[in-house]
Amino acid sequence: YKVYPNPIQDILNVEIHSPSLEQGVQITIMDMLGKPQLTYFTTQTYSTLSLDNLSKGLYIIQIQDKKQAVYTKVIKQ
């Protein structure tokens with residue numbers, strides 16, 4: 001998985017290379033308390049997510065496929 005750029009302005013790019021991609025991957029943007037702010041579902045290798053309605057701050061990105069979850073942090077400026 002690749003999540004970029006970091007820090008972000010309004011657009012977050014997510015690149016997913018997973019055998020489970022055919023079955024779909026859920027991308028959840030959470031605040032630092034773990035509360036979901038946005039949720040996306042994709043079967044695409046490259047996704048562009050609009051985060052323009054989120055406030056500036058630190059967020060956790062969860063990428064969940066059928067087998068595992070991967071977490072990373074991003075800063076929204």
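Met 32 is partly exposed, at a relative accessible area of 39% (buried is under 20%, exposed over 50% and partly exposed in between, with a 1.4 Å probe and protein chains only). The model is predicted, so local features need pLDDT of at least 70 and side-chain atom pairs pLDDT 80 or more, while totals for chains, interfaces and linings use all residues. Residues are numbered from 1 along each chain as its sequence is written, and side-chain values use heavy atoms, leaving out hydrogens and water.

Met 32 sits in the loop between strand 3 (25-30) and strand 4 (36-42); strands are DSSP runs (E, at least two residues) numbered from the N terminus.

Turning to the sheet, 3 strands make up an open one in the order 1-2-5, with antiparallel pairing (two strands pair if DSSP finds at least two bridges between them). Strand 1 (2-4) and strand 5 (46-50) are at the edges, each with a single partner strand, so one side of each has no neighbour in the sheet. Strand 2 (residues 11-15) is joined to strand 5 by 5 bridges, and the two run antiparallel. Glu 15 lies opposite Tyr 46 in strand 5.

Then there is Gln 68, found in the loop between strand 6 (57-64) and strand 7 (69-76). Gln 68 counts as partly exposed, at 41% relative accessibility. Neighbours within four places in sequence aside, Gln 68 is in contact with Tyr 1 and Ile 63 (heavy atoms within 4.5 Å). Gln 68 and Ser 20 are 48 residues apart in sequence, with 9.9 Å from C-alpha to C-alpha.

Terms used. Helix = DSSP H or I, 4+ residues; strand = E, 2+ residues; numbered from the N terminus.
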